[in-house]
Amino acid sequence: MPRYDFRCRSCGATFELRRAMAQANDPAVCPQGHPDTVKLLSTVAVTGVGGGASAAPQQAPSGGGCCGGGCCG
């Protein structure tokens with residue numbers, strides 16, 4: 001079950017809740033009992049087998065610059 005991070009607007013506490021994805025946007029009450037909370041944007045790290053990050057596939061240079069055509073840099 002996914003974990004979601006919340007912050008209480010009343011006391012400033014940050015806490016996490018485990019809940020089904022269908023309930024991700026449901027209201028949450030902070031551990032101190034305050035109902036005025038906001039769901040925080042969470043970041044997710046994805047790694048390969050063994051925990052190491054895998055290298056990105058190699059790509060041919062595009063020429064750089066603002067348009068990718070090689071005319072400006």
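The side chains of D36 and R9 meet in a salt bridge, with 3.6 Å from N to O; a salt bridge is a side-chain nitrogen of Lys or Arg within 4 Å of a carboxyl oxygen of Asp or Glu. The model is predicted: local features need pLDDT of at least 70, side-chain atom pairs count only at pLDDT 80 or more, and totals for chains, interfaces and linings use all residues. Residues are numbered from 1 along each chain as its sequence is written, and side-chain values use heavy atoms, with hydrogens and water left out.

**Salt bridges**

- The structure holds two salt bridges.
- In one of them, E16 is joined to R3, and the closest N and O atoms are 3.9 Å apart.
- That pair links distant parts of the chain, with E16 in strand β2 (residues 14-18) and R3 in strand β1 (residues 3-8), 13 residues apart.
- E16 has 44% relative accessibility and counts as partly exposed; the classes are buried under 20% relative accessible area, exposed over 50% and partly exposed in between, with a 1.4 Å probe and protein chains only.
- D36 is likewise partly exposed, at 35% relative accessibility, whereas R9 is exposed, with a relative accessible area of 53%.

**Aromatic pair**

- One aromatic pair is counted, under the rule that rings of Phe, Tyr and Trp (its six-membered ring) pair if their centres lie within 6.5 Å, with planes under 30 degrees apart counting as stacked, over 60 as edge-to-face and the rest as tilted.
- The partners are F6 and F15, which are stacked at 5.7 Å centre to centre with 20° between the planes.
- F6 is buried at 2% relative accessibility, and F15 is also buried, with a relative accessible area of 10%.

**Secondary structure**

- The protein chain has zero helices and three strands; helices (H or I, at least four residues) and strands (E, at least two) are DSSP runs, numbered from the N terminus.
- Read from the N terminus, the order of elements is β-β-β.

**Chain totals**

- Of the 73 residues in the protein chain, 12% are buried.
- Among contacts (heavy atoms within 4.5 Å) between residues at least 6 apart in sequence, 27% join residues at least 24 apart.
- The accessible surface of the protein chain is about 5,800 Å², and 53% of this area belongs to carbon and sulfur atoms; the areas come from the Shrake-Rupley method with a 1.4 Å probe, and for residues only the protein chains shown count as cover.
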